[in-house]
Amino acid sequence: MAARPWLLLAPALAVLAGLLLYPLVRVAVISVQDFSGLRAVYRGTAEFIGLANYREVLGDRRLWYTVLPNTVVVAMVCVVLTVVIGTLAAVLLESLRPGLRAATTIAVLSAWAVPAVTGTYIWIWIFDPVQGVVSHAAQWLGLVPAGGENWFTDRVTFFAIVVINVVHHGFPFVALTVLAGLLTIPDELVEAAKLDGAGAWRRFWSITVPTLRPVFAVVTILSTIWDFKVFTQVYLMPGGDGQNREVLNLGTWSYVESFGQTEYGTGSAIAVVLTATLLVITAVYLRTMFREGEL
Amino acid sequence: MSAHRLSIRLAGLAVAAATALAVTGCGDDSSSNSNAAQSGSGKTLTVWIMEGTNPDATPFFDQVKAEFKRETGADVNVQFVPWSAAHDKFVSAVGGGETPDVAEFGTTWTPEFGEAGILAELTERVKGSGVSDDLVDSLVAAGEVDGKLYGMPWYAGVRSVIYRTDVFEELGLQPPTSWDEWLTVATKIKEAKPDLVAMPVAGNNEYGVYPFIWGAGGKIAVQEGGKWRSTLDSEQARRGIEFYTSLATKHGLSSPAAETWKETDLKDNFVQGKLAMMISGSWTPKAILEAAPQLQGKIGAFPIPGEKSGISPSFVGGSHLAVFEKSQQGDLAWQFVQMMTSGRFASEWATQSSYFPGLKSLLAKSISAPDPLIAPFARQMKDGGETVPVTPVYGKVQAKKTVPSMLQAILSGSKTVEQATADAAAEMTAEMQG
């Protein structure tokens, strides 16, 4: 009898083990091996060298001065903006009439439906130093010298464009999830608050936010995870493929080290560091947001 | 693994189908087909070819497939791989054990994969085929590790300067023959045509800067006592890099956008009529004219000028055809490689793709061609051809983007030429010795 739940879970667990657990374990194993060069790839095995790869990665100045700040700061900015804009969009959607709401929802969803690769190229074109619409506008307004300015070479402007891209791509999910939450708030609660003289601002903070706390927790954690491993949106940007070392993040650094340099051991160690960082951040989040296991 | 099994199963099906055809008498039983070369009957050869070399490669490979089928009875499955993704794709294919039988390799990758034991050594086969003496030397050298050849030279290309003849004519300018003249010409274009980028300096294109390093008498790296050491920080190399980047930083003849341009961005912008000159490959004029027919008769080429006179050397790049060590059909694969790299198909491919063939006897014909969009490149190839350091680790240096990174740092002003070259040389030396 006790075996029945496990029996029912078995297919799902088997799929998860195959698709998630095996690669994870393999990455962990490679990260403690001297898995470098095409020969190692060809043979599929390598010597164990303990924590040497981690020493190399953690001892690299680039990790602390470039890669980690790029990853953490950009992810934090992205998460905050995604959740705020997503919530505002949700509040807007809720206040619309059904027909208009459907139309707006479709518009919002289209931003989400665009694949990351396509979306990234669109933003690259928008900010193209010569032909981009933003560049044209900035030149017309006299904000940048005639002939344009290359925003892709500067770390701050580079990541500003990345943030716009990531937030634009990520906010629809937050908007829809929060909207679903908003629609579950009982009308009586809102009416009662109105009778007590609470304004929209007060109602938002006293009713909406506490009720939706679990929803916010979920979208924040998911956004954090997504925004930490941003890869496409950086790699495809001009200079983001390793040419400009100032804009490497954990994802692109790991990729450039593993595949370009055929240093899979080092690349895997970086990937493990990324996973560990994410776990720590998620744990801290959960602890601060839920003092008594509300989730 | 599964794909492998699938291909075996498909091969089995093909055999069954062939047998059925033979039994029902529908098979092509012309006498030429019944010789011993038919050993490939029912087999399928998987071939990876780089995409875009030949603007429309499908008709060409349809002919190749038909001919190969006629000669050997085997089918050829050609898959096109984009250049930019190819190196990664080869590495993952090796990791997953899903390599094809034959693949086109960029000449700078062949030593890397050959040394790792992934490619079959072709030295004996090439000797046996009797074309050894006819192969273009720089392409042979690029495919060798310790005297063992891993890639059969297929085609080659070289970069020179492509320019707008209409702009030059209008302003009464002549193609420059020294760096000083080049600067003067570009400056005049900039003054007369401020909307055109006179001479773009593409930050993400290492092949654009090499001619200046070599033209000033410098080298990328030298081998001393079996160890490679980068000489990007030598006085000559610095002088070349200084001149090239100063076109953008000091003289404003480039565009800020070019700081992150790749070679393909140069071509795209030229096609849109925004550039007066660019350093570009011998294979691009045809593609440019196809994309922008209005430029017909308005583009020309000249070899990259030397510092004082003559020609600045330019990288001779190209492709090998290589056979994978794991291929179960080595003989058939070699037959395919031979067919592609000699005779009719070799010269047709060269003509269609505007590359130079890998055989001296065929190259000679191209050099004497009167075409103004071929002859300057042929001269560059003959009199000003160079190669990057021939060592398996140079592929890693390229993957690390050491040189593009240096260029971008100088162009965006974040480093001086001295600092950027010193950093790049240190990184490259560490990589080559590491």
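**Two chains in a predicted model**

Reader: Which helix of chain A has the highest mean pLDDT among the elements of that chain?
Author: In this predicted model, pLDDT is the predictor's confidence in each residue, from 0 to 100. Helices (H or I, at least four residues) and strands (E, at least two) are DSSP runs, numbered from the N terminus. Among the elements of chain A, helix H2 (residues 37-43) has the lowest mean pLDDT, 81, and the highest, 95, belongs to helix H8 (residues 155-182).

Reader: What is the mean pLDDT of chain A?
Author: Residues are numbered from 1 along each chain as its sequence is written, while chains are lettered from A and ligands numbered from 1 in the order in which they are written. Local features need pLDDT of at least 70, side-chain atom pairs count only at pLDDT 80 or more, and totals for chains, interfaces and linings use all residues, with side-chain values using heavy atoms and leaving out hydrogens and water. In chain A, 98% of residues reach 70 or more, and the mean is 89.

Reader: How many residues does chain A bring to the contact with chain B?
Author: Contact means heavy atoms within 4.5 Å. Chain B brings 34 residues, and chain A brings 28.

Reader: Which three residues of chain B supply 18% of the area that it buries against chain A?
Author: Buried area is the accessible area (1.4 Å probe) that two parts lose on being put together, summed over both. Between chain B and chain A it is about 2600 Å², with 49% from carbon and sulfur atoms. The trio that supplies 18% of chain B's buried area, more than any other three residues, is Val91(B), Thr260(B) and Gln408(B).

Reader: Which residue of chain A forms a salt bridge with Lys401(B)?
Author: A salt bridge is a side-chain nitrogen of Lys or Arg within 4 Å of a carboxyl oxygen of Asp or Glu. The rule finds four of them across the interface of chain B and chain A. In one, the closest N and O atoms are 3.5 Å apart, and the partner of Lys401(B) is Asp241(A).

Reader: Is Phe48(A) buried or exposed?
Author: Phe48(A) sits in the loop between H2 and helix H3 (52-58) of chain A. Not counting residues up to four places away in sequence, Phe48(A) touches Val29(A), Val32(A) and Gln33(A). Buried means under 20% relative accessible area, exposed over 50%, partly exposed in between (1.4 Å probe, protein chains only). Because its relative accessible area is 56%, Phe48(A) is exposed.
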